[in-house]
Amino acid sequence: MAIDLFSADSAHYAAVRPGYPAALFEWIADAAPARGCVWDCGTGNGQAAVALAGLFERVEATDLSAAQIAHAKPHPKVRYRVMAAEATDFPDEAFDAVCVAQALHWFDMDRFGPELDRVLKPGGLFAAWGYGGFSLNPAFDAALRRAVLDPIAAHWAPQNQLLWGGYRAIRLPYPDVDVPCIRMPVLADLAGVIAYLKSWSAVRLHAEAHGDGLLREAAEALLPVWGGPPSVVQALEFSFHLRAVRKPR
């Protein structure tokens, strides 16, 4: 990974980021040529690594951030290491699948592409995914935009546009494969929503520039359109993007 915006508060990031749908990992395991070894590249706090460990024999999980790795979820089938995505010490053709969760837009693709080609087996699957914004209902969505999304808009790194576009603008070295439509509903109370918003890099940068009052004001603005007291748990629908390619045999 060429850019690290998440080491500063990695414990909070690990605590509040939502997990990924089980259907995603089942599809990856079925689409891979075998369920031997998989590389979770840019693992962050290990959410994807642990899920992959339930379906593959072994998981290598790497991240540029030592702080993120320090808060990763332990699992007997997962080996965590601090390592850049673009330069690893893995042997050639080591992996049946390589996965990147919520991180491909930070990579130096001119260097990562050749490294991916080196370590992926012929016929191996590369899958990259991520989620963007979330929706509850029209009134809530409008209030969220006024209270949070518009004020932080200038603080997003330009790389986020790659994620929001489903990674279609990123050049990958192999032909695309068809991917399923995967939904990502997330259950949360209002405090959980505010805690999740706090993990956004753009919110953190806004706070550094303007103070930390944004989320307090956002909580007040969102409560009337939450649909009940703040302790009520609601189902948020996250936008989810998945792209996959296969190395020719």
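This is a predicted model: local features need pLDDT of at least 70, side-chain atom pairs count only at pLDDT 80 or more; totals for chains, interfaces and linings use all residues.
**Aromatic pairs**

Across the whole structure, a search returns 20 aromatic pairs. In one of them, the ring centres of phenylalanine 107 and phenylalanine 112 lie 4.9 Å apart with planes at 65 degrees, and because edge-to-face geometry requires an angle over 60 degrees, this pair is classed as edge-to-face. Tyrosine 131 and phenylalanine 238 also form an edge-to-face pair, with centres 5.5 Å apart and planes at 90 degrees. This second pair links distant parts of the chain, since tyrosine 131 belongs to strand 5 (residues 120–135) and phenylalanine 238 to strand 7 (residues 234–246), 107 residues apart.

| Residue | Relative accessibility | Class |
|---|---|---|
| Phenylalanine 107 | 8% | buried |
| Phenylalanine 112 | 0% | buried |
| Tyrosine 131 | 2% | buried |
| Phenylalanine 238 | 5% | buried |

Tyr131 and Phe238 also belong to one aromatic cluster, whose other members include Trp129, Phe134, Trp156 and Trp226.

**Parallel strands**

Strand 2 (residues 58–63) is largely enclosed by the rest of the structure, because five of its six residues are buried. Strand 2 pairs in the parallel sense with strand 1 (residues 37–41) over five bridges, and within this pairing tryptophan 39 has glutamate 60 of strand 2 as its bridge partner.

How values were computed:
Residues are numbered from 1 along each chain as its sequence is written. Side-chain values use heavy atoms; hydrogens and water are left out. Rings of Phe, Tyr and Trp (its six-membered ring) pair if their centres lie within 6.5 Å; planes under 30 degrees apart count as stacked, over 60 as edge-to-face and the rest as tilted. Buried means under 20% relative accessible area, exposed over 50%, partly exposed in between (1.4 Å probe, protein chains only). Helices (H or I, at least four residues) and strands (E, at least two) are DSSP runs, numbered from the N terminus. Two strands pair if DSSP finds at least two bridges between them.
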